[in-house]
Amino acid sequence: MRLSDVPGLTQLTLALAMTATFLPKAGAQEAIERRVNDLLAQMTLEEKVGQLNLVSHGPPLRWEDISEGKAGALLNFNSAQDVARAQALARQSRLKIPPLFGLDVLHGFRTQFPLPLGEAAAFSPRISRFASEWAAREASYVGVNWTFAPMADLSRDSRWGRIVEGFGEDPTLGAALTAARVEGFRAGGLAAAAKHFAGYGAPQGGRDYDTTYIPRAEMYDTYLPPFRAAVEAGTASFMAAFNALNGEPSTANPWLLTDVLRKQWGFDGFVTSDWVGIGELINHGIAADGAEAARKAILAGVDMDMMGLLYIKHLPDEVRAGRVPESVVDESVRRVLRTKFRMGLFDGPDIDTSHLDSAFPSPESRQAAREVARETFVLLQNRGDVLPIPSSVRSVAVVGPLADAPHDQMGPHAARGHKEDSVSILEGIRRRAEGVGIAVRHAPACDLFCRDTAGLQAALDAAKQSDFVIAVFGEPQELSGEAASRAHMELNGKQIEVLEALAKAGKPVALVIMGGRPQILGPVAESIPSILMAWYPGTEAGPAVADVLFGDVNPSGKLPVTWPRATGQMPIYYNRLPTGRPTLPNNRFTLHYIDEEITPLYPFGWGLSYTRFAYSDTVMAQKQIGEGEMLEVSLTVKNTGARDGQEVVQLYTRDPVASRSRPLRELKAFEKIALKAGEAKRVTLQVPVESLGFHLDDGTYLVEAGTIQVFVGGNSLAEPVGDVEIVKTFRIPPMERRASAATGIVQ
Ligand code: BGC
């Protein structure tokens, strides 16, 4: 789907600024290198360091820093007027180098699309590319040219609030979506920054910013593939992570920033620190002062200092004192200038100050946001087919504080989102219901954080007077995102109490959950038959949720993250290693908890539909495969129900006997297909043999001879469909592995 596929795309949208392509064609690269070197040769040491300084709008930035060549990159500039002013000042500087304008554009600029974790539930690179392109088009319309996204941090721990910014727990899904997001941002006019490099999604205890320990082989197998995919997709930049990885802070980690990123992957863009990340090296206990922090960061491979002002303050002296070779500074400046040339910044016009973000949301961007949102909803359970709302229903009670939460539905990192643009879930239901004569009653039952339940009786009365109850609960936005780690993942406040009371009202109840992570449902999973996970759906939450509740659209999202029964199960993920004592129900001395089930509530890849799909006639193309070949599985998927729908066909593998324990299941390929009621389709999934092995600590990829078990189905509990034999062991040295093979994405 291209943007132009959206019905009714207007001239305004088509005319949005979009000059940059960022990926140089053959030959153009040499010309760019010449221009970079010419410019570098004219620069003073101070001007060079100015290019490495990334400063936010407002203090400590002085506007004259721009004309004095001291601020080569700017962030949090989000209006065309401010961008134009900075561009004009940069043109007054001696070398007239245009600035970068960076912003956290994750899931929309003015029009809000679903948060990335929700978007991941669409299991669709096409949808991710589409949503990212929209976000980028709106941001670049006012002059933003660089986004601090996509977040490529894999996370197996939903206590970590930032899981909402990524793609969840799987490296294959993560690599595919990260690449799609980079491409989408670029197509919409934004250079990407893949962040946070690396291991930030695995902090101990799920505590944001805390230490991470991940063996190198596991980094290569699990945490690095999405970043590698970002390089292959042409990301312009990387952002170093706040955390220490195995005792070495990422912001001064030469293994990550130089050995892996530059030497093994050949990345030639630049790396920025995160917000004052360089100064935090002092807190990490590896630098005594700002000068040492700056020195360690640049020598490790951090090219740009976000908001620390330490490069600008200390690097010239560090160079003059001989502690940092000038060639190191030159190389960092080269990377920044190369990126600016690739983006076309030296050659493009300044931003047109008549461009206002209030051009959005437009009817087209609303339509796009609605289309994306309804692909992301996951029907977790639907006992007795309570959903969709039957046509016999004449009245609905909409209960819960998040039904009318125009701010919260936008989710964290809403860029220029205005809550006034939001269509709430209540409003969406009203529009849909009242058009066909269904009465809507609304009662919040409790306040936003559900501490005060004075409104419960009114909600129960509304439920009793209605044919159907739609309960909208979950996590207010403040409980999700950066610095929002949770030690208690239960539905917060008194939500469980309220939902239990509603369940007893004697009416069919469907629960819509809003939030940035799986939440612990406790008894609610039993007492409420139908539960839809809606994440933070964005501006068009209301129409999109109504589309699905009323059955105009069939839900098709799948969980990109395992849904636990209890917080104490964290971290929990499907692609875990086997143990010597696999769970046996009646044997205490096997893997289990004494006070909770060992299984999750809903597994990775899970999501129901209003129709049913049957899998049959599976054929494995070969019994044996060797280097350069594909594992290929074909099967028939049939929609056996009465409604059209979409299914995500998932292929998992396991290597049951290897020189090192291998995961019980690993997603290797997936495809989302649409099937009309009664329709059957043949699906073929391919996996390169080069993604059926594992890494050694030095990054070598080892594919071992032997049996690989294959499973295909609609979630990670997929049925076995047969084995394939890898005929001969082979190794791939780190520098020869392409991300597409590294991640099993079939191009
Ligand atoms: C976050 C980054 C973000 C930056 C700039 C930091 O606190 O960790 O992800 O890009 O702020 O807003």
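User: What should I keep in mind about the model and its numbering?
Analyst: Glad you asked: this is a predicted model, where local features need pLDDT of at least 70, side-chain atom pairs count only at pLDDT 80 or more, and totals for chains, interfaces and linings use all residues. Residues are numbered from 1 along each chain as its sequence is written, and side-chain values use heavy atoms, with hydrogens and water left out.

User: Where in the chain do Trp63 and Phe77 lie?
Analyst: Trp63 is in helix 4 (residues 63-67), while Phe77 is in the loop between strand 2 (73-75) and helix 5 (80-92), 14 residues apart. Helices (H or I, at least four residues) and strands (E, at least two) are DSSP runs, numbered from the N terminus.

User: Why does Phe77 count as buried?
Analyst: Buried means under 20% relative accessible area, exposed over 50%, partly exposed in between (1.4 Å probe, protein chains only). Phe77 has 0% relative accessibility, so it counts as buried.

User: What makes Arg85 a charge over the ring of Trp63?
Analyst: The rule asks for NZ of Lys or CZ of Arg within 6 Å of the ring centre and within 35 degrees of the ring normal. The charged end of Arg85 sits over the Trp63 ring, 3.8 Å from its centre.

User: How do you know that helix 5 has close to its expected span?
Analyst: The expected span is 1.5 Å times one less than the number of residues. Helix 5 has 13 residues and reaches 18 Å from its first C-alpha to its last, close to the expected 18 Å. Its buried residues include Ala80, Val83 and Leu89.

User: Why is the link between Cys446 and Cys450 called a disulfide, and a left-handed one?
Analyst: A disulfide is a pair of cysteine sulfur atoms within 2.5 Å, and those of Cys446 and Cys450 are 2.1 Å apart. The torsion about their S-S bond is about -95 degrees, so the disulfide is left-handed. Cys446, at 8% relative accessible area, is buried, and Cys450, at 0%, is buried.
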